[in-house]
There are 2 protein chains.
Amino acid sequence: MTDRIWTAAVLVIGDEILSGRTQDKNVSQIATWLNVQGIRLREARVVADVEDDIIAALHALQARYDYVFTTGGIGPTHDDITVDAIAKAQGVAVVVHPEARAVLERYYETRGGLNEGRLRMARVPEGADLIPNRYSGAPGIRLGNLFIMAGVPHITAGMLDALTGTLEGGDPVLSAQIGCWVAESEIAALLLSTERAHEGSQIGSYPFFREGRVGCNFVVRATRQDVLDACAQELAAGLDAAGWPAIIGGISL
Amino acid sequence: MTDRIWTAAVLVIGDEILSGRTQDKNVSQIATWLNVQGIRLREARVVADVEDDIIAALHALQARYDYVFTTGGIGPTHDDITVDAIAKAQGVAVVVHPEARAVLERYYETRGGLNEGRLRMARVPEGADLIPNRYSGAPGIRLGNLFIMAGVPHITAGMLDALTGTLEGGDPVLSAQIGCWVAESEIAALLLSTERAHEGSQIGSYPFFREGRVGCNFVVRATRQDVLDACAQELAAGLDAAGWPAIIGGISL
């Protein structure tokens with residue numbers, strides 16, 4: 001049990017997200033992973049493949065949060081400028097990492113060999129360590145509390161896996177869900193009074209619509225199990241008492 | 001034909017995105033809609049339901065872009081603080097909009113009537129206009145070049161629909177896709193030389209992996225149709241010549 005709260009931000013780098021072509025999935029998967037590490041994702045930003053934009057966002061996020069994760073822009077093509085932008089932002093040189101080069105040489109040995117584009121993926125900000133990528137050769141990069149990950153979600157998932165348990169964090173946030181066929185606007189006052197009655201709890205309200213009916217999933221969050229349980233039980237009892245049968249752990253749709 | 005480029009940012013407000021519980025879909029749908037209006041989405045941010053964070057992000061984005069769209073935090077519950085935060089950021093009061101109140105009275109007439117929580121959804125920053133919501137009563141809000149939209153994606157879709165054609169924009173960005181069973185790292189140099197040979201074009205490279213094979217979708221973007229066509233054709237010819245049959249308009253997976 002510790003009171004220190006560890007925070008993180010995600011910086012998504014890529015024109016394809018801002019053009020609407022690609023649906024980002026990295027923010028949600030990094031968020032979910034961070035919860036387990038006892039680290040809170042506090043902000044996410046999406047910027048284009050533009051050096052000045054990357055640098056400005058990076059500086060802003062590093063000034064505010066304990067950890068920063070970037071995704072995207074570390075591939076072999078001309079629009080992959082993340083490593084150069086980050087090195088510039090940190091005031092360090094870009095160097096070829098010998099281990100990354102060796103990994104890529106092995107990976108491409110049977111795939112046409114290294115070329116100029118592929119060698120780009122061995123370039124890292126000076127002083128950086130590698131994050132293993134078990135799917136496609138090119139590694140992720142760790143530079144202190146800055147983590148440079150892939151844009152392709154399943155590759156980033158593998159990199160997160162490799163980082164599991166290696167970051168300092170606090171108490172994980174616990175959560176409990178209560179589903180109910182009620183309009184959230186019907187019981188807004190109950191949500192507020194229940195949250196206030198349980199210090200350290202937070203109640204989120206996520207409405208849904210199915211086949212002409214409205215319902216809502218309520219998610220109670222707390223770092224202490226007893227606070228979580230007490231708050232969730234009181235909310236469920238309050239919904240029941242108001243004539244809206246609540247299902248602890250149920251309904252998501 | 002105009003040279004003025006209109007820009008926009010999206011500010012997603014909601015703990016549920018940062019906790020990983022909910023996958024944001026509003027950035028991509030707003031991005032796609034903006035393209036058609038001739039407006040470029042240049043940045044997106046996700047912040048928690050925290051007043052200071054909302055205000056800081058809003059000020060930063062309004063200073064840089066022509067339009068700002070927010071999503072989330074305009075519902076009936078205690079964690080819906082978007083309207084209050086935005087009013088504070090703009091230095092105006094929060095008022096009950098008579099038309100919004102009338103809309104909500106009609107909507108809830110057969111649904112249990114207005115209560116305190118539901119009336120919150122009639123509150124707007126002073127001077128704001130409403131954006132119709134054909135799904136669930138509570139309207140969106142327009143305050144000059146700031147658009148306050150719902151968090152639930154299909155409701156925001158309806159609001160975007162109501163705004164179509166009402167915003168000043170420039171030339172829409174045109175795009176053409178070329179699919180190819182090639183590793184992007186194989187032809188990175190070709191992408192760069194082709195893009196450079198066609199001023200005003202941009203080539204994005206989106207790799208995929210299917211059943212052990214690697215492939216890539218290349219997306220050419222330009223505001224001029226002739227530039228787009230010439231660049232796409234040269235890229236396809238270059239891929240063919242390198243031994244990688246290219247399919248114009250094909251492969252996405």
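Strand β2(A) pairs with strand β2 of chain B, residues 39–47, in the antiparallel sense over five bridges. Strands count as paired if DSSP finds at least two bridges between them. Within this pairing, Ala44(A) has Val46(B) of β2(B) as its bridge partner.

This is a predicted model: local features need pLDDT of at least 70, side-chain atom pairs count only at pLDDT 80 or more, and totals for chains, interfaces and linings use all residues. Residues are numbered from 1 along each chain as its sequence is written, while chains are lettered from A and ligands numbered from 1 in the order in which they are written.

**How the chains meet**

- The contact takes 46 residues from chain A and 46 residues from chain B. Two residues are in contact if their C-beta atoms, placed from the backbone, lie within 7 Å.
- On chain A, the elements that each supply at least two residues to the side touching chain B are α1 (15–18), α2 (26–37), β2 (39–47), α6 (116–120), α8 (188–197) and β10 (202–210).
- β2(A) gives the largest share of that side, seven residues.
- By class, the side of chain A that touches chain B holds 18 nonpolar, 15 polar and 13 charged residues. Here Ala, Val, Leu, Ile, Met, Phe, Trp, Tyr, Cys and Pro count as nonpolar, Asp, Glu, Lys and Arg as charged, and the others, Gly among them, as polar.
- The copies meet through the same surface, because 100% of the interface residues of chain A are also interface residues in chain B.

**Symmetry**

- Chain A is superposed on chain B by a rotation of 180° with 0.0 Å of shift along its axis, at an RMSD of 0.0 Å. The two copies are therefore related as by a two-fold rotation axis.
- Arg45(A) comes closest to the rotation axis of the residues of chain A, at 2.1 Å (C-alpha).

**Chain A by itself**

- Chain A has nine helices and 12 strands. These are DSSP runs numbered from the N terminus: helices are H or I with at least four residues, strands E with at least two.
- The C-alpha trace of chain A spans about 70 × 45 × 35 Å along its principal axes.
- An automatic or database assignment sets the domain bounds. In chain A it gives domain 1 (6–163) and domain 2 (174–248).
- The centres of these two domains of chain A, taken over C-alpha atoms, are 37 Å apart.
- Of the contacts in chain A with a separation of 6 or more, 67% join residues 24 or more positions apart.

Key
Least-squares fit on C-alpha atoms with pLDDT ≥ 70 in both.
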